[in-house]
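Work through these exercises with the model open beside you. Try each task before reading its solution.

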Amino acid sequence: MKIESILATITLRLITIRPDQSLQDAVDLLAEQNVGALIVVGESGRPLGIISERDIVREASRSEDFLAQPVSRVMTSDLITVSPEDDVEPVIQIMMTRHIRHLPVIDQQRLIGVVSIRDVLKAHVSNIQGEVDTLQAQIMEEQL
């Protein structure tokens, strides 16, 4: 199964923020859109990083005036991305080993979506269930 299959089943909402916006803007956008992470994009729309609820909470524990700080100070700029052609199994491994809950999907250097660990695992389980159902049907046919 490919990442493009997951993108076809989810509502694509590309919610982005600029690096010069405040953490208050990020908090407001996360709450307003009911999402757990925002892709940080430059003027051209090119992804520069990602900022998650966890990033903001960590900063809140270190600084009293954290909401006034720019997103660029807190975002993860070592951005790990996937492409629509990537297989789901290695993506699951990346997300699990690196403790990543959201991955931007990039196609031809353009942000086209974001997949969450929930999206990826749900698709993987569904795929496995389909294989189990097929095997059970084959066993039933052989027994007849």
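Accessible areas come from the Shrake-Rupley method with a 1.4 Å probe. By that method, the accessible surface of the protein chain comes to about 9,000 Å². Carbon and sulfur atoms hold 49% of that surface. Keep in mind that this is a predicted model.

**Exercise 1. The whole chain**

Task: Describe the make-up and the overall dimensions of the protein chain.

Solution. 
- Step 1. Count the elements. The protein chain has six helices and five strands.
- Step 2. Along the sequence the pattern is α-β-α-β-β-α-α-α-β-β-α.
- Step 3. Take the box. Along the principal axes, the C-alpha atoms fill roughly 70 × 35 × 25 Å.
- Step 4. Compare with a globule. For 144 residues, a compact globule would have a radius of gyration near 15 Å, but the protein chain has 19 Å.
- Step 5. Look at burial. Of the 144 residues, 40% count as buried.
- Step 6. Look at contacts. Among those with a separation of 6 or more, 53% link residues 24 or more positions apart.

**Exercise 2. The two sides of helix H2**

Task: Find which residues of helix H2 are buried, and which are exposed on the other side.

Solution. 
- Step 1. Locate the helix. H2 spans residues 23–33.
- Step 2. List the buried residues. They are Leu 23, Ala 26, Leu 29 and Leu 30.
- Step 3. Look down the axis. The buried residues of H2 fall within an arc of 120 degrees, so they line one face of the helix.
- Step 4. Recall the geometry. An α-helix has 3.6 residues a turn, so residues three or four places apart point the same way.
- Step 5. Turn to the other side. There, Ala 31 and Glu 32 of H2 are exposed.
- Step 6. Ask what covers the buried residues. The cover includes strands S1 (16–17), S2 (37–41) and S3 (47–52). Helices H3 (53–62) and H4 (71–74) are also part of the cover.
- Step 7. Go past the end. Asn 34 follows H2, and its phi is positive, near 55 degrees.

**Exercise 3. Salt bridges**

Task: State how many salt bridges there are, then examine the pairs of Arg 18, Arg 58 and Glu 59.

Solution. 
- Step 1. A side-chain nitrogen of Lys or Arg must lie within 4 Å of a carboxyl oxygen of Asp or Glu.
- Step 2. Count. The rule gives six salt bridges.
- Step 3. Take Arg 18. Its salt bridge is with Asp 20, and the closest N and O atoms are 3.5 Å apart. Arg 18 is partly exposed, at 39% relative accessible area. Asp 20 counts as exposed, at 57%.
- Step 4. Take Arg 58. Its partner is Asp 55, with the closest N and O atoms 3.3 Å apart. Both residues lie in helix H3, three residues apart, about one turn of the helix. Arg 58 is partly exposed at 43%, whereas Asp 55 counts as buried at 11%.
- Step 5. Take Glu 59. Its side chain meets that of Arg 62 in a salt bridge of 3.2 Å, N to O. Glu 59 and Arg 62 are three residues apart in helix H3, so about one helical turn separates them. Arg 62 counts as exposed, at 59% relative accessibility. Glu 59 counts as buried, at 5%.
- Step 6. Salt bridges with shared partners join Glu 59, Arg 62 and Arg 73 into one network.

Technical notes:
Residues are numbered from 1 along each chain as its sequence is written. This is a predicted model: local features need pLDDT of at least 70, side-chain atom pairs count only at pLDDT 80 or more; totals for chains, interfaces and linings use all residues. Side-chain values use heavy atoms; hydrogens and water are left out. Buried means under 20% relative accessible area, exposed over 50%, partly exposed in between (1.4 Å probe, protein chains only). Helices (H or I, at least four residues) and strands (E, at least two) are DSSP runs, numbered from the N terminus. The arc is that of the directions from the helix axis to the C-beta atoms. Contact means heavy atoms within 4.5 Å. The radius of gyration is taken over C-alpha atoms; the globule rule is 2.2 Å times the number of residues to the power 0.38.
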